[in-house]
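Student: I have a new model open and would like to learn how to read it. Could you take me through some features?

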Amino acid sequence: MSGYNPHAIEKKWQARWLAEKTFASTRESAKPKYYALDMFPYPSGEGLHVGHPEGYTASDIVARYKRACGYAVMHPMGWDAFGLPAEQYALKTNTHPQVITQKNIERFRAQLQAIGFSYDWDRQVNTTDPDYYRWTQWIFLQLFDTWFDETQNRGRPIAELISEFAAGKRALPAGQSWDKLTATEQRQVLSDYRLAYLAEVPVNWCPGLGTVLANEEVIDGKSEVGGFLVERRPMRQWMLRITAYAQRLLDGLADLEWPESLKLMQRNWIGRSEGAEVEFLLENGHGRLTVFTTRPDTLFGATYMVIAPEHPLISNAQGNHQLPAQWPAATPEAWRYNSASPAAAVAAYQKWAAGRSDRQRQEDTGKTGVFTGLYAINPVQGARIPIFASDYVLMGYGSGAIMAVPAHDERDFEFAGVFGLPITRVVSADAGIGDAGRLPLCDPGYAVNSGLLDGMPTAEAKARMINYLEEKSLGRRRVQYKLRDWLFSRQRYWGEPFPLVHLEDGTTVALADDQLPVRLPPLDDFKPTGTMEPPLSKAQGWRDVAVLLDGSAAGRARIVPAGTHGAKVARRELNTMPQWAGSCWYYLRYMDPRNSQEFCSMAEQRYWLGGGAGGGGVDLYIGGVEHAVLHLLYSRFWHKVLFDRGLVACAEPFAKLVNQGLILGEAEFTAFAAADGRYVSTGDIEPDWGTQIGPDGRPQHTSRIRSSGELVVGRALEAKDVEKRGEAFVLKSDPNIQVDARSFKMSKSRGNVVNPDDVIADYGADSLRLFEMFMGPLEQVKPWSTAGVEGVYRFLQRLWRNLLGSDDNPGPRVAAADAAGWKRIDGTLLSAQEQQQAAEDAAAAIRHTHRLVRKVTGDIERLSFNTAISAMMEFNNTLAKLRWVSADAAAALVRVLEPFAPHIAEELYSQLWPQSQAASVSLVPWPRWDEALCVDAELEVPVQISGKLSGRVKVPAQADEDAVFAAALADEGVQAKLAGRPVKKKIYVKGRMVNLVV
RNA sequence: GCCGGAGUGGCGGAACUGGCAGACGCGCUGGACUCAAAAUCCAGUUCUCGCAAGAGAGUGUGGGUUCGACUCCCUCCUCCGGCACCA
């Protein structure tokens, strides 16, 4: 029997699974379903790294296990292939992104197949395929065609809004009559209701690169690539009204089986806060300023107001004239921003603030601002209070204006300090004492100096104030969310085109469904234009079109040849969708990937998602925590819109979600040496390290000696050069020198990336899979270890020898009994002596076999794969000590191994049972265990005396409490330790332990 | 700063519901096989004392609850992650 050769068997089985479609997901109404989903990868040019197979192996184990348990399993894979890296690589190499994407997909697929995942490859999706993005566009049009009805708290078709307008059931914003409006005016009205709308928003515009950048691409006000200055500039962008769904997205989290920490991240991101909207009249009588506050109880302490620099009161043409021409009398110099008039001061400040990046705002928290020259009136106590502009107030939150209560808000307190503004205490820490304690006091307390609120605890004062404001029509209760609407357009080439056209009247019309997909036009030059125009503006033949509108009030357009009777001139939308679009709904397409009539049929959804009262959704979704708030929030949002429109079967897409932990590089030991070569203890250097390129061209750590500032450089050490001394590792050669020991995130620049292809080449896919799972709990961050891979590889070799024999001991060691007696699995009858041995060995293995099945089953159910693997190792070690392995034990082991290491399991199964009916061990049902066969006939029970271990006694498994106590007291060792002391209390935990309290 | 999570041998980790701490694997030590090495197999491996039998200590720190605490409660320390002028 030849030894374990992973390469030969893995290729063979992978080819068979593919050819025989072993893992096809088929809807079988007689079977329960299970949907095990992976976050599909972006097929980068780098190929797979060891982080990918971690989650993928985990879900694969569950998928294989569930199939064995009789479920119809959906376990698909696909490609999130639109995006910037492909486009940039395409620019660099002058290749079309389509070509690069295709190549990367092929590479990724080959790599995934080499790991032996049980995907149904016939369901593969690719977000860049027109047959796929056709439906991405279609779903976008559903959003475009939906408005959010606040009273019903759900999205409804635009057509229903139109009928409400037409029937007069809903008033138009400006009080007009719907029928009197022109078609253009009607479209303008509707655009304010749609979930997809155009708005002027500030973006990160980089003139140096000629493109808009994402926030993550801007560092210290400069572009990450090239270091060009980035400015905030308003641009008309597509937005999705996710804020309408804020409460639904928040409420929906409650029932999801997701990590609590991740739910919390989403809750924080949505950022619900309760409070009040309060209106302040301007002193000049020209209107009012509305603010949101969570502390309406402190309204009596509002001594000034602050508005964002972009606030309409001071930024738009209508508002500007409100600014007084001169500084009001007695305006302090410090309020004037070195300017001659309020208008000049405000303009100068606005300019300065616009040049500050978000990062700069965060870093310099010192308060800046300028007096606008305007005053407002505090609505409850009538004080005349100045209005400032400052960038500590953000235009994007609330109304972009605040009432400042310096006594009870740290930011307001600091600002008041800078500008010498009055600070009035309106909350006291104690009920009895008036003005005690330091300011600012931000915690709840008791209202003081607040008229009708005096003496009330903060919570009660809030409620009372809101009621008062509502009675007097000065304000109202209000819930505010941090969540912003989703900026949905990009000035990029490699993304989904929008299925929209702009008419000459400035309105936007959706294309009819039969016009989809709107294909990305082939472009030789897809470079950014250098202006604010998207690259698609260069596709002139594509950009300018003639359209016919259908008769519907909402208006849908069809592209027709220019000059067609009744056609209007139009221009296509030239932006593309962001990378998140395709991933928002891919889990739906898998269920019905080739459907050309629908994005996904309801029949497929009802089966695979379930739904109804029981929740429904994907049963298990595994992926990285980096998608906690973006992808996972965006897809929940789309799903809810589709749900409202009756297009999906359940309210939430992902019922259970697990984040796999990051895999770090192999542990590294680093000692720091000064220029003269002497080592310096890590305790003596600055904890923040830098990097430089070393003489060998590899990066190395640098730091400085804390006392002298002298430069020190890190040197990599071998584990054998260091030892543990107390809490720290030190050099063996000089124990006074502490060294650094830790694992780093894998990165190309650091050179510690582990490539799965290499691991497979050295040890095989089964060892890769096994080690990825054996490292530790799935959710945990853990370092890679090549020695650890060798460990699991050795386990597989031992297992192989254990069942199929070795050179020393050739022939299978598996034996089965029939009427003729014990035979080797290959049919050879054993000698009388061997028969007896085989029977004894089989009996010895029964209990272990049943325990193994119980343990592995339970561990898979709770996703504790590392402990399942150690149970299999233990079992294998047990079998290794026996001369013969019973066929029952071997079959159970091979079966439970299959989800983890499917190739070797298939091979062992086919070699041991070549006559088997099942073409694949994966088709053999999951084994059952008998609880009665898991227990020993005799237990060894530890005996404690007053909680301290003092001996062990053997008792029959069924022994009752009294019998166990008797046995414990009879034990000589226990007797000796009791030394005649009377036992006050006896405790027996069944099968676990005895405690005798003296 | 605020909010989470985690601290167990030389290392990754186990202990699922408060009940024998350290399973399993790596590493290391010794032995067998070998002319030798690799591979493999066997034994040992938390720390301290002891030739040994054994004794004592021990799950980041200090305290508490309990017959009994890695597990529950409080204090502090360290590390990791998220958010960060959100009114």
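Student: Which elements do the buried residues of α27 pack against?

Tutor: Some ground rules come before that. This is a predicted model, in which local features need pLDDT of at least 70, side-chain atom pairs count only at pLDDT 80 or more, and totals for chains, interfaces and linings use all residues. Residues are numbered from 1 along each chain as its sequence is written, chains are lettered from A and ligands numbered from 1 in the order in which they are written, and side-chain values use heavy atoms, with hydrogens and water left out.

Tutor: Now your helix. Helices (H or I, at least four residues) and strands (E, at least two) are DSSP runs, numbered from the N terminus. Buried means under 20% relative accessible area, exposed over 50%, partly exposed in between (1.4 Å probe, protein chains only). Contact means heavy atoms within 4.5 Å. The buried residues of α27 pack against α1 (6-20), α2 (51-68), α22 (765-774), α23 (786-804), β39 (814-818) and α26 (887-897).

Student: How many residues of α27 are buried?

Tutor: Nine of the 11 residues in α27 (residues 902-912) are buried, so the helix is largely enclosed by the rest of the structure. Among them are Pro-902, His-903, Tyr-909 and Leu-912.

Student: What share of chain A is buried?

Tutor: Buried residues are 51% of the 998 in chain A. The chain has 29 helices and 45 strands. Its C-alpha atoms fill a box of roughly 115 × 85 × 70 Å, taken along the principal axes.

Student: Is Arg-636 buried or exposed?

Tutor: Arg-636 is buried, with a relative accessible area of 0%. Helix α20 (residues 631-644) holds this residue. Leaving out residues up to four places away in sequence, Arg-636 touches several others, including Arg-248, Trp-258 and Glu-652.

Student: In what order do the strands of the open sheet lie?

Tutor: Start with pairing: two strands pair if DSSP finds at least two bridges between them. Here four strands form an open sheet in the order β43-β42-β45-β44, with mixed pairing. β43 (948-956) and β44 (985-989) are at the edges with a single partner strand each, so one side of each has no neighbour in the sheet. For angles, axes are lines fitted to C-alpha atoms, for helices over the stretch in contact, and angles run from 0 to 180 degrees between N-to-C directions. Neighbouring strands of this sheet are turned by 20 degrees against each other on average, direction ignored. Helix α28 (residues 961-970) packs on the sheet and touches β42, β43, β44 and β45. Its direction makes about 115 degrees with that of β44.

Student: Which strands run parallel?

Tutor: β42 (residues 938-945) and β45 (residues 993-997) do, joined by three bridges. Ile-945 has Leu-996 in β45 as its bridge partner.

Student: What does a hairpin look like with β32 and β33?

Tutor: Five residues lie between the two strands, and Gly-697 takes a positive phi near 85 degrees. β32 (residues 690-693) and β33 (residues 699-704) pair in the antiparallel sense over four bridges. β33 also forms a hairpin with β34, with six residues between them. In that turn, Gly-709 has a positive phi of about 80 degrees.

Student: Which strand gives the most to the lining of the second largest pocket?

Tutor: β34 does, with four residues. β30 (668-674), β32, β33 and β34 each supply at least two.
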